[in-house]
Amino acid sequence: MQIRNNLIKCFAALALGLAGCEDKLLNPTPESVLTANNFYKTANDINQAVLGIYNNLQTRRSSDYLLMEVPSDNLYMSTNTTIAGSNDVDFLTLNSDNALTAAFWNTTYNGIFRANSVLMNIDNPTNYAAGAKDQYIGEAKFMRALYYFDLVRIFGGVPKVTEKISIPEAAALPKASEEEIYAQIIADLTDAAAKLPLRNAIATGRASRGAAVGLLGKVYVYRKDYANAKTQFEKLIKDFDYALVNDFASLWQLATEDNSEVLFTVKYIDGTNGHSLSTNYAPNGGIVGVTDRGAETSLPSWSLMKKYEEGDKRKAATIQEWWVSPAQPNAPAIWYPYVSKYAVKHSYGASGIDIPVLRFADVVLLYAETLNALGDKAGALTQLNRVRQRAFGNATHNYKGTEAADLMDLILLERQLELAYEHERWFDLVRTGKFTTVMKQEERLYNYASKSPVVVNLAPQAYMSVYPIPQAQIDLSSGLKQNNGY
């Protein structure tokens, strides 16, 4: 069951709501109402509870683009969208009553509560197989860290809850500082990395040791703790078997979605347990061989499209420019750009393509950023060009040492081109302090017939680096205060 309680009710019900799933995180099935008194008795109970933690991310991930891509210069909402609150995100006019931030808050905290429930009851069973208890602890801590990482990047300081508290305590709970939240994230990931199995010893879609190490390195980059980031990235690169795949497009195909580049991904099955992202990015008229109709909620910006160079193989796997209507498959193609990164054959609103959370190319680019920050520009260039060379199929477009003076700008550019529509761009602009400059204008393609981009003027302010705390949560609390500027 999907629980949509408010924050205070959830604080008081840490052990009351969880969803069971099959072992591979696919086809979640509803369970009767469970409590600590009649559950958490066996190792299988704990396993089911752990899978329930992932369920919230599976529910949320397909709509993360609305808060993580739409406010950036990669994507804008189409004129026919009906998603409540999305236009305020698009035009950077968010307020505390936004429906999208409220849903994000509730779903993410529900995931945290489920993780807390597992950790509070982990000692109950006595029939664990060898290594299972540590695995479940590692998974719960990894997921709790990931949920808090998302919350702190979206809202800044948020309430920190790691154990069961009473309703009065919940009502009075203030925001923890960003530093306190990050300290909890780092502690959880450090322990998860020590306890989790390697990826070949656990089902794809469940957290592994490599996922914890990679995410920990990423968190350190956000903290600008480059020495510790370097340690984690070098451990991942040297001690694990992750690698860039040869063909970028294969990352977005059903037959090859499980590959050497996946550190952590959210699993889906077409129709029975699919997501809406593929449909939302598809044109209204559908895509030949993919879907007979789409929702076309959002469209690729010209600000991004114009940055792909000739020969960059990532472009066609990310954005298709020419479109043929499935209703008239023999008609000439028209220029009608759409996001194609998740364009696989799928049932309407229920696509089976996985949505990545962390992949190796992200790690490589963060490692380049880390080396650059530590003064090793040659090493940074080497890592940056690993991704660049894969994009073009050869070294002819590699960056040269003469360009090292602007290396951070090049790294951010490659991150934009490589990770477009993987929910990274907004955070990259915010954490580097560039969003107030970059987002003053965005080029959008409102008139496809003329191929003329329209420059949209926006008014980004420094306080917009975090979103407003949902007003419903503030109204229920005596301790929760609104973020500055809202």
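Author: The account below begins with the strands and then turns to the side chains. The model is predicted, so local features need pLDDT of at least 70 and side-chain atom pairs count only at pLDDT 80 or more, while totals for chains, interfaces and linings use all residues. Residues are numbered from 1 along each chain as its sequence is written, and side-chain values use heavy atoms, leaving out hydrogens and water.

Strand β7 (residues 441–447) runs antiparallel to strand β8 (residues 452–457), and five bridges join them. Strands here are DSSP runs of E with at least two residues, numbered from the N terminus, and two of them pair if DSSP finds at least two bridges between them. Across this pairing, glutamate 442 faces valine 456 in β8. The hairpin has four residues between its strands, and lysine 451 there adopts a positive phi near 55 degrees.

The whole structure contains 26 aromatic pairs (rings of Phe, Tyr and Trp, the last by its six-membered ring, with centres within 6.5 Å; planes under 30 degrees apart are stacked, over 60 edge-to-face, the rest tilted). One of them joins tyrosine 76 and tyrosine 446 edge-to-face, at 5.4 Å centre to centre and 75 degrees between the planes. This pair connects distant parts of the chain, for tyrosine 76 belongs to strand β1 (residues 75–77) and tyrosine 446 to β7, 370 residues apart. Tyrosine 76 is buried, with a relative accessible area of 1%, whereas tyrosine 446, at 38%, is partly exposed (buried is under 20%, exposed over 50%, partly exposed in between, with a 1.4 Å probe and protein chains only).

Finally, arginine 444 lies over the face of phenylalanine 91, 4.8 Å from the ring centre (NZ of Lys or CZ of Arg must be within 6 Å of that centre and within 35 degrees of the ring normal).
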